[in-house]
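Please find below a note on the model under review. The points are arranged so that each may be checked against the coordinates.

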Amino acid sequence: MHELSYAQALLDEVLKLAEENEAKRVTKIRLRIGELLLINPEQLKFCFKAISSGTIAENAEIEIEFIKPEIVCTECGRRFDEVRGLCDCGGIVAVSGGKEFLLMSVEMEVE
Ligand SMILES: [Zn+2]
């Protein structure tokens, strides 16, 4: 499953940060994810919960904000909401962004 690899990478990173900060518990994780990665947020949370069980991140709340890709015609500059081939003007439509997977912040309890 696609989401499982992301959940695993995320857990590794979060636990590393928690260890560096000598945290007792991770409470909240904020992510920004590019829409083009086609990650299902519920699946990602489910996978994270499963693999983080028994770690200090096990009850962390995950907040996800999706990032839209920029889809712009290279000729006329028209913007589109969805990935497509050519623009109506015949120009090539370029896609940038939308494949990010960013860990924005991790809230933790430190004692
Ligand atoms: Zn165009």
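1. Basis. This is a predicted model, in which local features need pLDDT of at least 70 and side-chain atom pairs count only at pLDDT 80 or more, while totals for chains, interfaces and linings use all residues. Residues are numbered from 1 along each chain as its sequence is written.

2. Elements. The protein chain contains two helices and five strands. Their order along the sequence is α-β-α-β-β-β-β. Helices (H or I, at least four residues) and strands (E, at least two) are DSSP runs, numbered from the N terminus.

3. Overall form. The radius of gyration of the protein chain is 18 Å, whereas a compact globule of 111 residues would have a value near 13 Å. This radius is taken over C-alpha atoms, and the globule rule is 2.2 Å times the number of residues to the power 0.38. Along the principal axes, the C-alpha atoms fill a box of roughly 60 × 25 × 15 Å.

4. Sheet. Three strands form an open sheet in the order β2-β1-β5, with mixed pairing; two strands pair if DSSP finds at least two bridges between them. β2 (61-67) and β5 are the edge strands, each pairing on one side only. From one strand to the next, the twist averages 15 degrees. β1 and β5 run antiparallel and are joined by nine bridges. Within this region, Arg32 stands opposite Leu102 in β5.

5. Helix on the sheet. α1 lies across β1 and β5, and runs at about 40 degrees to β5. Axes are lines fitted to C-alpha atoms, for helices over the stretch in contact, and angles run from 0 to 180 degrees between N-to-C directions.

6. Core. The largest nonpolar core has 17 residues, and Val14 and Val26 have the most contacts inside it. The elements giving two or more residues to this core are α1 (2-20), β1 (23-34), α2 (41-52) and β5 (101-110). Such a core is a set of buried Ala, Val, Leu, Ile, Met, Phe, Trp, Tyr and Cys residues joined through C-beta atoms within 7 Å. Beyond its neighbours within four places in sequence, Val26 is in contact with Val14, Ala18, Ile56, Ala57, Ala60, Val106 and Met108. Contact requires C-beta atoms, placed from the backbone, to lie within 7 Å of each other.

7. Burial and contact range. Of the 111 residues in the protein chain, 18% are buried. A residue is buried if 20 or more other C-beta atoms lie within 10 Å of its own, exposed if 12 or fewer, and partly exposed in between. Among contacts between residues at least 6 apart in sequence, 75% join residues at least 24 apart.

8. An exposed helix residue. Ala9 lies in helix α1. Ala9 counts as exposed because 12 other C-beta atoms lie within 10 Å.

9. Positive phi angles. Which residues other than glycine deserve a check of the backbone? Glu22 has a positive phi of about 50 degrees although it is not a glycine, and is placed in the loop between α1 and β1. Glu22 is exposed, with 9 other C-beta atoms within 10 Å. For Leu38, also not a glycine, phi is positive and near 55 degrees. Leu38 lies in the loop between β1 and α2, and is exposed, with 11 C-beta neighbours inside 10 Å.

Methods: Two residues are in contact if their C-beta atoms, placed from the backbone, lie within 7 Å.
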